[in-house]
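Me: I'm new to this one, so please pick the aromatic side chains and walk me through them up close. Which rings pair up, and where do they sit?

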Amino acid sequence: MSSFFVPDLLPRPEGGATEVPAIVSADGELSYADMWGRIHAIAGLLRGTGVAPGDHVGLFFLRSAEYVTSLVATWLVGAVAVPVDPEFPVERTDAIIRAANPRLVLHAGTAAHRDQEVTPSRWRDVSDLSQGNPLAGGLPSHEALQPAGWPREGGAGRPALILFTSGSTGTPKGVVLHHGGLHNRLEWGHAQYGFEDSDRVLHKASIAFDASVHEIFSPLIAGGTLVIAPPGLQFDSLGLVRLMQDAGVTTAHFVPSMLRYVLEEPELAYCTDLRRVFCGGEALDMDRVRTFRATLPDCALFNQYGPTETSVNATFWDCSEPYDGHIAPIGRPIAGVRCHVLDEDLTPVEEGQIGELWIGGAGVGVGYLADERQTEERFRPDPFSAADGRMYRTGDLVRRAAPGYLEFRGRLDDQVKVRGVRVEPEEVAAVVRRHPMVHDAAVVAVPDEDSGARLIGYVAAKRRHAPVVDGMRRVQLPHGLAVATPSPDEALFLYRQIFEQDEYARYGVRIDDDAVVVDIGANIGLFSLWAHQQADNVSLVSVEPNPDTLPYLRANLELHGVRHEVVPVAVTDRSGTAELTSFPELSYLSGLGSQRHREAAELVQSHYESTGAADENVTEQEKASLLLAAENRLQATAHTVPTVTLSGLFDRLGLERVDLLKINAEGAELSILRGLDARHWRAVQQVCLEVERASMVGAEIKAILDGAGFCVHEVNDWSVGADADVTYVYATRAPSPDSAPTAHGAAPRGPDEDAERLLTVRALRAYMTDQLPPAMRPDRFVFLEELPRLPNGKVSRHDLPEAPVPNAVGPARGAELGQEEQLREIWRQALQVDAVHDDDDFIRLGGHSLLALRVSARVREVCGVEVAPHSCLRAQTFAEWRADVARQRRQ
């Protein structure tokens, strides 16, 4: 491999196609013979349209065989390839095409771009250049396709590729790389990692990302197979793992943040063909390294480092080398590359010291496209080279360790001073990511007048511990149960009914191991969660017709590992459709029928009259205010929902045994029971149901249950008055005791505290206090479901939400301090706690609707601000509620 021309690294078939395919994708396999046939056909097209050496050729492709063949063909004719990924936002692809101004743009007809309408003459579809047998007349030589006057000798410095990276302003910046640098990296990788023709390398990086270069050419140079991931799969960890299994992938590359997701997939352990995995693009946490080696002990892991400007990789580190630090070293220089660790005077630092990394040697690129100023600033003459070479200023801080490798110590331009202490945000982020409930994290610095800078931590919790899932807030109920709910106080009310009052475990009703439970009117799933906890291996059929509630139900059952099937229908005495009146803020009152709003209002009134009468501390004014607040939340939404009979449901699901049938359908109970045929009653062992209008329908319900052979008990609903006419009915096959015990087949299994706990700001602060000095701890934490990502998998810092305004949620200053302490004292007195902190949750401190009403009344009295009673039930923290009060005051 003495040439510096990248296509010369690729083997050419002799005597027909080889058995090993060159490329495997969703479109099928491509042999080496067919690959070269396409390459030469496209090269002929380029020459025929007048593309000359040095011309820019846009390559507008998804990951595909067409891209690979077009890239090599572009190089064969001496042109410069400009990859443009159709998956990028159109504004970015516009900017790339404008900046590169390609002579021609090749595409495969699978994606459109608006430049095609502006300058259609420069767009060429190459998808039809794959017909015929390319070997029939033999392949022409590379030299035959190259234009006259384009000698191979001295071609190392000829531009080959322009990759656009995000500049500090967010504007794409074109990095021009030459054949010599790419050739050096690929030749070194072939020798260092020992690629063979049996290797199958995964190509999942965007074509506009430098990692795609070694993904594509590592297998092809060795005569192996390139396995191309379909569009969009690069962010699907489970999909990637399954593709690696199915395709027998031996080599893959991940940015560390994506590797974290992949390592959490249980099926990764079955990727037994994996021989080597590369990491790069971000700092690699050693915890991730240890997890990887425990999961795939026979697979090698390598940390690769290198800015795009230095031709993909400049250093590498074998992760099997002993190291006890937190962030994996970036390693040692690859062949042909020199690494200089320099101080501010460009003097080499001593071993063990930290300096800025400058990279020299074969990999240093040409510079930035049409930007002489930036090129001169970052690409400097190399004073340590005897051959008039250049070196690239990385802006990265590294430490030269005694064993000879380099340790990454952050970005020079990312370092900030917090209260006089120099802080590297990525170091802080690495500590946050080690919290056992954290899935991912990023830390950024924002200016602050008092301390110079404030650190903001953006945190994505592991899904089981996330305070928000799929856009839905979760609350932690007593005893650690965390649920997604649109209305925290409603969830607390239902929790007390089901878990504390044992509403469904009276008169001998029990759930044994392996029970099948049908939950009609599942709402957000609290009964289903209760049933899941009562015994082992319980199977739930959770039936809920309300579209406003279904997302919460599905999330709760999934997050708690319930064996379940969700059935989105209403159960009545006929199949068809019905009108459902939904109350999104009081969803448990939702029901069928045109009179549902009136019925719900009557139940609300009865509830507050009965609970108020039972509590002598509730004044008449408070009772009236609570009732008004609840009635204001009965804002209805109408839905047309499918209906099915109970027998139809049994038949659809093949239910031959139902150990407990629970019905809470807000007035539809009788029609549900009427819809169950005699042949199905034999399968039902126990029934629990809430009955509205009990004086009207109770007798017929009892007759149906008596006729089916049940022993029936009936009690009034404790949460409303007798005037509400609501009862609970319990029906069992065996004679029941007269008392109402809480009996279960097995000891109820409470929630696993570690599994159920939600990640909170308080937990993060406590963790950081044990890990870092004060100046390095984030001032604020922002919870996100996931961090925004660039197409190459790195965190998109430009897309992180704006940091909280200090005056809104931070410590109050001046005149604000008095009001802040007043609000804190209002909470403290209402909740009867010793202290209230910014990250305290009203419900976790024992709050409920009556206390929320008293808080709002006290705020109106002390601060002169009208605040809705449910505002402190909805706010996730005291600080968030305080900010809401401040906004109300400004209005």
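Reply: Rings of Phe, Tyr and Trp (its six-membered ring) pair if their centres lie within 6.5 Å, with planes under 30 degrees apart called stacked, over 60 edge-to-face and the rest tilted. By that rule, there are 26 aromatic pairs here. Bear in mind that this is a predicted model, where local features need pLDDT of at least 70 and side-chain atom pairs 80 or more, while totals for chains, interfaces and linings use all residues. Numbering runs from 1 along each chain as its sequence is written, and side-chain values use heavy atoms, without hydrogens or water.

Let's start at Trp827. Its ring centre is 5.0 Å from that of Phe878, and the planes meet at 75°, so this pair is edge-to-face. Trp827 belongs to helix H25 (residues 816-831) and Phe878 to helix H28 (residues 878-890), so the contact ties together parts 51 residues apart in sequence. (Helices, H or I with at least four residues, and strands, E with at least two, are DSSP runs numbered from the N terminus.) Both Trp827 and Phe878 are buried, meaning under 20% relative accessible area, whereas over 50% is exposed and in between is partly exposed (1.4 Å probe, protein chains only).

Trp827 also pairs with Trp881, and this time the pair is tilted: the centres are 5.3 Å apart, with 40° between the planes. Once again distant parts of the chain are linked, as Trp827 in helix H25 and Trp881 in helix H28 are 54 residues apart. How buried are these two tryptophans? Trp827 has 0% relative accessibility, so it counts as buried, and Trp881 counts as buried too because its value is 1%. Put together, Trp827 of H25 has ring partners in Phe878 and Trp881, and both of those partners come from H28.

Now for a bigger group of names. Ring pairs join Trp188, Tyr193, Phe195, Phe278, Phe302 and Phe316 into a cluster.
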